[in-house]
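Please look over the sequence and the model first, and then read on.

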Amino acid sequence: MTSPKRVGKIEFGLLSPKEIRQMSVRKIIWADTYDDDGYPYSQGLMDLHLGVIDPGMRCKTCGQKASECPGHFGHIELAKPVIHVGYTRLIRKLLRVTCRNCGRVLLSPEEITKIVGEKKDEITGELVTEKDIKKERICPYCGEQQLKVNFEKPTTFSEVFIVTDDNGKEKKEEHKLTAADIRARLERIPDEDLRLFGIDPTVARPEWTILTVLPVPPVTMRPSIILENGQRSEDDLTHKLVDIIRINQRFKENQDAGAPQLIIEDLWELLQYHVTTYMDNEVAGCPPARHRSGRPLKTLSQRLKGKDGRFRGSLSGKRVNFSARTVISPCPYLEVNEVGVPLAIANEMTIPVPVTAQNIEVVRSYIRNGPERTVLTDPPGANYAIRPDQRRLRLSEENKDDVADQIEPGWTIERQMQDGDLVLFNRQPSLHRMSIMAHHVKVMDGKTFRLNPAVCPPYNADFDGDEMNLHVLQTEEARAEAEILVNVQENILSPRFGGPIIGGIHDHISGIFLLTHEKRWFDKSETLYMLRYADIEHLPEPDKVVDGKPYWTNKQVFSMILPDKINMIFKASSCEHCEVCKREACERDAYVRIKDGELISGTIDKKAIGAFDGEIVTRIIRQYSQKRGAQFINDVTRLSIRGIMHDGFSFGIDDEDLSKTEYGLINEMLDKAEDDVRRRIQIYEEGQLEPMPGRTEEETLEMQIMQVLGKARDRTGEIASRHLGLSNSAVVMAVSGARGSILNLTQMAGCVGQQSVRGERIVRGYDQRTLPHFKRGDRGAGAHGFVRSSYKKGLNPTEFFFHAIGGREGLVDTAVRTSQSGYLQRRMINALQDLKVEYDRSVRTTGGRILQFQYGEDGTDPTKSSYGEPVDVKGVIENVLKEEI
Amino acid sequence: MLDDEMHAAIADADVPDSTKQEMVKYLEEKELTPGQFEAIMDGIEEEYTQTRIEPCEACGIVAAQSLGEPGTQMTMRTFHYAGVAEINVTLGLPRLIEIMDARKEPSTPTMTIHLEQEYASDRDKAREVSWQIEAAPLHEFGDIVTDMANMKVEMRLNPAVCEKRKITVEEILERAPQKIKERRHYRDFEAEADVAEAKITFYPKKESYQNLFQLAEHVRGVIVQGIDDIERVVVRKEKGEYILYTEGSNLKDVFEVVGVDTTRTRTNNINEISQILGIEAARNAIIDEMKSTLGEQGISVDVRHIMLIADMMCMDGEVKQIGRHGIAGEKESVLSRAAFEVTVNHLLDAAVAHETDILNGVTENVIVGQPIQLGTGDVKLIAKPLHQEN
């Protein structure tokens with residue numbers, strides 16, 4: 001490998017007219033592009049000296065082909081100077097701060113020292129600003145009276161003379177400054193004075209901001225395209241240049257013919273307009289130049305600007321080869337660090353394999369397999385062979401055997417993807433580094449990418465039609481880096497909070513909850529069914545033997561996948577946080593105790609294995625390795641799926657049914673609440689309501705009503721969940737933390753509750769009422785968006801309408817939030833991207849400025865920390881003592 | 001029980017003090033065999049060495065992602081009632097944006113004022129302090145009559161209210177006309193105070209109804225007691241002491257009120273903190289505000305990320321915005337600035353100033369297409385195998 005050259009630095013400066021002429025290969029004088037035969041005019045805008053865009057042609061300047069010639073600049077000699085729009089503010093400033101006669105700064109040497117200080121030679125940047133100089137003073141060097149300089153957008157400058165008329169009255173008179181006048185004045189400013197304004201005269205004399213000669217960009221940056229009907233369509237820049245040349249030629253002719261001043265001025269202004277819009281077509285106070293169709297032209301400035309501009313669109317965001325994209329779907333039998341790739345994609349994506357003496361036979365077999373792999377189990381073929389002279393040969397059924405015989409060390413072939421290859425997998429928006437992770441390929445049938453549902457949280461993926469991207473690594477270095485740093489198991493712990501971001505979700509949690517809850521026994525076939533996919537060689541001693549048949553407990557089954565030396569104690573998600581913990585006697589079985597890799601008591605649920613919580617996952621990674629952690633996630637997801645299939649798990653509309661007594665209680669409850677609301681309204685209307693400090697009576701009433709109704713809704717939930725025990729799937733999901741909450745259950749079975757807009761009851765609508773179904777001024781619960789029904793029972797029309805109002809707010813909220821948080825993140829990344837931890841553990845910018853002397857004040861990596869702490873003292877001690885502390 | 005030897009071993013260990021304290025706390029009551037103790041010590045020291053950050057880590061990007069990614073999960077709801085039901089505070093994503101924008105004034109400035117011991121335990125005394133802080137307009141102290149026949153505004157103070165609010169009649173009578181002139185910039189009137197009657201009469205300079213009503217408005221609204229910026233004060237009892245919560249913030253004036261515990265009193269106006277208490281205090285305030293904003297939304301983010309952002313904002317001795325008018329706009333690299341926002345202007349200005357981009361940062365190197373100087377791209381030492389063929 002040759003070490004790549006580095007670009008050392010990039011300097012910025014202005015092009016002087018001399019430089020422009022020097023770098024020009026052709027003076028452009030014709031406004032036309034192609035003649036009738038479709039051949040470019042010599043000295044026209046498409047002159048063959050400016051580079052080649054048609055494949056097969058050679059450049060007249062450098063003799064290279066279209067793919068190699070970078071293009072060459074031409075130039076236009078302008079009839080009269082024109083102002084560069086981007087520099088109008090600089091020109092205005094310079095005109096105001098320098099003498100109109102001698103060009104010196106309007107400050108005496110003493111004043112300069114006062115502002116700048118003594119060290120005049122070391123100055124950089126802008127030191128003297130416009131504010132330092134008083135307007136309309138007298139030049140301290142030549143004694144000239146200065147005049148006020150007015151500037152009018154986009155490019156007009158004028159001087160204000162004060163004339164005394166015949167009556168002795170003072171009158172202001174404006175005289176326009178032409179670009180030539182301004183150029184003459186700027187030329188007079190001496191170099192040392194320019195330095196005071198932060199201008200480096202070696203690369204940027206101010207008069208160069210007034211153009212006398214215009215560079216014509218090479219055709220390669222403004223290619224013309226040929227439409228389907230054979231017509232040529234020119235680039236926007238070419239259109240603009242045509243305008244400039246046309247006016248410029250007319251201007252010259254008029255000038256030579258000695259046309260009247262008025263016409264000259266008009267043409268000058270027109271030339272200025274065209275040059276202005278050529279540079280920037282969105283200048284304030286200047287109508288944008290338009291295409292024939294009425295679309296504003298995209299000129300130089302517009303090409304650079306904005307999200308799809310050159311900087312953000314082309315330079316910072318680069319396009320790649322060797323990538324694939326398709327819909328994703330789940331596959332629970334894949335490991336977390338695998339990805340299922342459809343055969344069609346695997347056939348198209350290749351990995352370069354250099355031919356060496358050692359692998360030449362293997363490579364030959366790849367080539368002989370050909371590019372058309374049809375069966376999953378077939379070995380991979382090869383799509384291209386690259387000869388030592390970098391010529392690429394497309395392999396086909398016809399030439400494969402010939403090429404196979406030809407190859408020798410020094411060739412490279414592009415082999416199709418096969419099982420075990422390392423690829424990068426990505427889902428947009430890539431909000432954090434876990435949005436791109438390295439997976440091992442598993443070639444599969446079907447047309448979708450397959451992934452283990454446990455890796456959904458870091459990608460924030462679901463399977464409702466999400467698509468994901470896949471990139472094949474092309475070099476050995478990239479693969480090594482990906483394997484060590486980007487692999488899924490390296491990313492189980494999130495740098496955000498130091499906990500696992502990969503872990504069981506949804507049915508994994510319901511499944512493991514059902515499996516490990518309370519104590520049950522399985523016979524041998526059941527036990528083996530559960531552990532079918534786990535890598536286990538021996539079953540432990542059975543817990544009990546009945547009638548000569550061995551039985552294992554559910555906790556034993558789970559313990560099989562735990563590493564041997566794990567000791568921990570924690571409380572499960574289902575823990576109710578009782579005043580006094582009953583520990584092993586907990587009636588919810590929420591006290592989890594693991595001793596020497598054996599689950600003694602407690603239920604495994606979200607807290608133990610879930611993404612974002614996963615205490616066991618964290619402990620295994622900290623005590624063993626990330627690889628063991630990944631292995632545990634694989635095992636636990638498979639076990640839980642087996643567990644949930646053993647018992648069966650479903651949810652239907654009748655799971656929300658309550659008994660008659662419960663419905664009675666709920667109705668009574670809601671009636672009481674509505675009565676309470678009515679009573680409070682009455683108190684308010686009688687003026688008896690005691691307002692809360694700092695609130696009006698009305699606000700107080702609203703708050704009270706919200707409170708009463710909220711409480712009533714919660715009560716119905718309590719009634720409902722009392723009836724529905726752990727036999728109900730929704731309760732299992734809510735308690736285990738798999739999905740949903742008691743609130744969701746309340747809304748389905750009990751009462752949907754108050755709908756709100758901006759945290760208040762719904763108030764808008766008709767005059768003094770929300771809907772015509774209510775009386776004016778009705779403040780009651782139902783009239784302002786209280787939904788008394790449950791989702792199961794169904795909403796009545798007014799309730800449905802209020803529910804839609806509340807729902808809409810949520811949708812708007814999400815839409816606004818994504819754009820806002822996206823911008824915030826872009827800003828943060830931009831502000832912080834150059835920071836790195838040095839070898840002395842200090843944090844510095846890449847420019848060398850120190851930000852922190854020790855990263856995070858203690859040098860701890862948040863990823864490896866235990867929820868922020870450098871050492872998990874409690875965990876270490878518990879693991880040694882094997883008891884809770 | 002930890003014996004002296006164990007204590008000494010803990011003290012000598014190469015771990016942070018907080019870890020040592022935690023060890024002592026947990027182990028103090030335990031019966032330990034020397035073997036167990038050694039195992040614990042080994043475990044802790046090993047874990048500590050494992051959790052050191054690695055050199056070349058792109059900690060800035062990780063910090064930005066760690067705060068940006070949960071941003072999508074936050075609520076937009078601007079108003080929420082934090083702690084006190086009576087006072088509105090901006091929370092969630094808008095608040096986070098506000099902090100990083102380094103706004104001069106937050107959209108809902110509030111203060112939490114702790115009181116000195118003797119005031120904090122007594123409700124009446126706490127209330128007294130609150131009178132000194134809450135801006136009270138003149139109309140709260142008595143009746144204002146606009147006399148259209150005689151073109152005057154007459155204000156009669158209620159001595160009982162004055163008594164309750166611990167302010168003398170003289171003070172009000174003196175302050176009212178003065179503050180109308182100074183604070184409300186309205187000077188076209190004359191005032192006549194009558195201390196004995198507790199009465200003050202205002203006359204407009206030019207007699208017209210418009211002027212009279214304008215004057216009446218000023219008289220009603222002029223703040224005669226308390227601090228102008230603090231519109232409302234709520235006294236709450238928390239953990240056995242009275243705490244004042246305010247709407248509006250003015251740290252400097254509040255610090256001067258007798259009874260305020262200046263060591264614990266805080267405001268959510270970061271700019272004000274930076275002005276009055278300095279940049280280090282502002283940095284801590286940024287960290288605290290971000291932590292509580294995220295915490296309130298139930299999002300856990302490691303403090304180190306927040307600290308890094310706060311340090312970056314405060315690096316130059318003043319609070320700088322994360323964005324175009326702050327850190328991102330003042331970067332050394334031309335290309336990096338151009339790639340962020342206002343592309344063209346940065347390029348034009350760079351040309352005139354003869355700026356040089358030395359391609360240190362991330363964006364610049366991405367633009368020219370070479371490895372960035374972070375992580376594996378920053379390693380310059382490459383081992384050459386001893387026996388290399390070719």
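Predicted model: local features only at pLDDT ≥ 70, side-chain atom pairs only at ≥ 80, totals over all residues.

## Terms and model

Two strands are counted as paired if DSSP finds at least two bridges between them.

## Domains of chain A

The domain assignment divides chain A into domain 1 (323-491), domain 2 (507-647), domain 3 (653-812) and domain 4 (835-881). Between domain 1 of chain A and domain 4 of chain A, the C-alpha centres are 36 Å apart.

## A sheet of three strands

In chain A, an open sheet is built from 3 strands in the order S29-S30-S31, and the pairing is antiparallel. Strand S29 (835-837) and strand S31 (850-852) of chain A form the edges, each of them pairing on one side only. From one strand to the next, the twist averages 35 degrees.

Which strand is joined to strand S30 (residues 843-845) of chain A by 2 bridges? The partner is S31(A), and the two strands run antiparallel. Within this pairing, A:Arg844 has A:Ile850 in S31(A) as its bridge partner.

Strand S3 (residues 148-152) of chain A and strand S4 (residues 156-164) of chain A run antiparallel and are joined by 5 bridges. In general, the strands of a sheet pair through backbone hydrogen bonds, in either a parallel or an antiparallel manner.

Technical notes. Residues numbered from 1 in each chain as written. Chains lettered and ligands numbered in written order. Helix = DSSP H or I, 4+ residues; strand = E, 2+ residues; numbered from the N terminus. Axes fitted to C-alpha atoms, helices over the stretch in contact; angles between N-to-C directions. Domains from an automatic or database assignment.
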